[in-house]
Amino acid sequence: MRRALVMGVTAAAAAAALTPSMAAALDAPPSLTAVSFRPIAATEPVLGSDGRIHLAYELTVINQSSLYVTIARIDAIRAGGGAGKPLESLSGKALGAMFRINAATSLGPTRLAPGGSGTIFMDATLPKGAKVPAALQHRITTVRAAKPGGPPPPGTARVARYTGVTVPVNRRPAVLVQPPLRGPRWVVANGCCDVYNAHRGATLAIDGTTYVAQRFAIDFVQLAPNYRLFNGPNVNASYAYFGDPIYAAASGRVVQARDGEPEQTPGQLPSGQTVETADGNYLVIDIGGGRYTFYAHMQPGSLRVKVGDRVTAGQVIGLLGNTGNTDGAHLHFHVMDGPSPLTSNGLPYRFTSFTGQGKVTDPVALQSGEVVPVDASVNPGPHTGQLPLEMEVVDFGG
Ligand SMILES: [Zn+2]
């Protein structure tokens, strides 16, 4: 037994490493590992506008040992699938960009101190039409040291490689919804899936449990014909789409509504926001099948429906605003698995149709009001039944 590891590893962790589901997939004898990985929630596939099937999920990572552990590589693979190309492979800088380590350290982007923890944000993908596995597993390589950058303790191997960490995949098709907005040049801000951003990173611990309600959320902002987000002084009225109608993406029944939150001043995040006020004025609509649509930051007094009302897809339900925890007019839209925007997990969705108009290449230009550069060659043209991805620009028609 490796002394240093045993000191830091709890009995519970050792038991978890030996559960039958994991043991069945191991091609080597089970081994005690310094680090434990656990999915926050199951994942569901969705066809992105890049023509690939995306499986977005998050792994909580805990270094249960007294060693310094670098996650050198993580491959997402089909559970029980043997060899074959990984669905995602992260290492080095690319892993660091998707690895949020809890508590500031100077240890580098992929190294955990003894007792350190973090979250890895995964985006496993498959070509369109490929068979989606019932579960994913992971091939993991870690490097262990007694001191940062130093050798491991005597008797401990420096490199540990193992296979495990099962993530269930709910293979039902992502729900098909109508776009909640009309017109051209809508930017998919804070979108899915291969970047760490405010939505993917919103793994919130609520009453002691971590939820990822915003996993597939989009902040929709619209470029003016001159490709600026706003024209003139940075006030709400300078955003041409401020006050645009918001349309129900799917039919259902209103189960949550909040109104009365004031408009914010753009260009800065407001102070004094709470979990109750952060979404501004909003609606949650139960669309059946355990799915709920969420529309946030609407104008005060603009909600056209109330709790209990039935809504029809395409019906105007309110107006786009700048309320709650926001620094500029936008519609936050997502689908989740419960009626609470806090204690639910995000579900994927696909829009019936849209036309790709490229991808924003400088997100900073968005908020400054400068002309926003767009690479028109990214996933252009008509799309049906797909989720537009991070920073893409889309025309919803109408
Ligand atoms: Zn948002």
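Modeller: Before we start, contact here means heavy atoms within 4.5 Å, and the structure above is a predicted model.

Biologist: With which residues is threonine 326 in contact, leaving aside its neighbours within four places in sequence?
Modeller: Threonine 326 has its place in the loop between β21 (316–319) and β22 (331–336), and at 1% relative accessibility it counts as buried, since buried means under 20%. Its side chain reaches the backbone oxygen of glycine 328 at 2.8 Å. Once the neighbours within four places in sequence are left aside, the residues in contact with threonine 326 are Gln264, Gln268, Leu269, Pro270 and His297.

Biologist: Is histidine 297 buried or exposed?
Modeller: Histidine 297, which is one of the contacts of threonine 326, is found in strand β19. Although histidine 297 is not a glycine, its phi is positive, at about 70°. Its relative accessibility is 5%, and because buried means under 20%, histidine 297 counts as buried.

Biologist: Which residues coordinate the zinc ion?
Modeller: Along the chain, the donors of the zinc ion follow the spacing H-x19-D-x112-H. Two of these residues link distant parts of the chain, with aspartate 219 in strand β15 (residues 218–222) and histidine 332 in strand β22, 113 residues apart. Both aspartate 219 and histidine 332 are buried. At 2.1 Å, the zinc ion is coordinated by His199 (NE2), Asp219 (OD) and His332 (ND1).

Biologist: Which residues does a disulfide join?
Modeller: A disulfide is a pair of cysteine sulfur atoms within 2.5 Å, and by this rule the count comes to one. With 105° about the S-S bond, the link is right-handed. Its S to S distance is 2.3 Å, and the residues joined are cysteine 192 and cysteine 193.

Biologist: What is the omega of the cis peptide bond that joins cysteine 192 and cysteine 193?
Modeller: Both cysteine 192 and cysteine 193 are buried, and cysteine 193 lies in the loop between β12 (186–189) and β13 (204–206). Most peptide bonds are trans. The bond between cysteine 192 and cysteine 193, however, is cis, with an omega of about 5°.

Biologist: What value is the phi of arginine 185 near?
Modeller: Arginine 185 has its place in the loop between β11 (175–177) and β12, and it is buried, with a relative accessible area of 17%. Most residues other than glycine have a negative phi. Arginine 185 is a residue other than glycine with a positive phi, near 60°.

Biologist: Is arginine 38 buried or exposed?
Modeller: Arginine 38 has its place in strand β1 (residues 35–39) and, not counting residues up to four places away in sequence, touches Glu58, Leu59 and Thr60. The C-alpha atoms of arginine 38 and threonine 60, which are 22 residues apart along the chain, are separated by 5.1 Å. Its relative accessibility is 64%, and because exposed means over 50%, arginine 38 counts as exposed.

Biologist: How far apart in space are glycine 308 and valine 255, C-alpha to C-alpha?
Modeller: Glycine 308 lies in the loop between β19 (291–298) and β20 (310–311), where it is partly exposed, with a relative accessible area of 34%. It touches Arg253 and Val254, not counting residues up to four places away in sequence. Glycine 308 and valine 255 are 53 residues apart in sequence, and their C-alpha to C-alpha distance is 6.2 Å.

Biologist: What is the radius of gyration of the chain?
Modeller: The chain has five helices and 27 strands. The globule rule gives 21 Å for 398 residues, and the computed value is close to this, so the chain is as compact as a globular protein of that length; its radius of gyration is 22 Å.

Biologist: Of the 398 residues of the chain, what share counts as buried?
Modeller: The C-alpha atoms of the chain fill a box of roughly 65 × 45 × 40 Å, taken along the principal axes. Among contacts between residues at least 6 apart in sequence, 74% join residues at least 24 apart. The chain exposes about 16300 Å², of which carbon and sulfur atoms supply 54%. Of the 398 residues, the share that counts as buried is 52%.

Technical notes:
Residues are numbered from 1 along each chain as its sequence is written. This is a predicted model: local features need pLDDT of at least 70, side-chain atom pairs count only at pLDDT 80 or more; totals for chains, interfaces and linings use all residues. Side-chain values use heavy atoms; hydrogens and water are left out. Buried means under 20% relative accessible area, exposed over 50%, partly exposed in between (1.4 Å probe, protein chains only). Helices (H or I, at least four residues) and strands (E, at least two) are DSSP runs, numbered from the N terminus. A polar contact is a pair of N or O atoms within 3.5 Å; within protein, one must be able to donate a hydrogen and the other to accept it, and residues adjacent in sequence count only if both atoms are side-chain atoms. Donors are N, O and S atoms within 2.8 Å of the metal (3.2 Å for Na, K and Ca); water is not among the atoms, so sites may look incomplete. The radius of gyration is taken over C-alpha atoms; the globule rule is 2.2 Å times the number of residues to the power 0.38. Accessible areas come from the Shrake-Rupley method with a 1.4 Å probe; for residues, only the protein chains shown count as cover.
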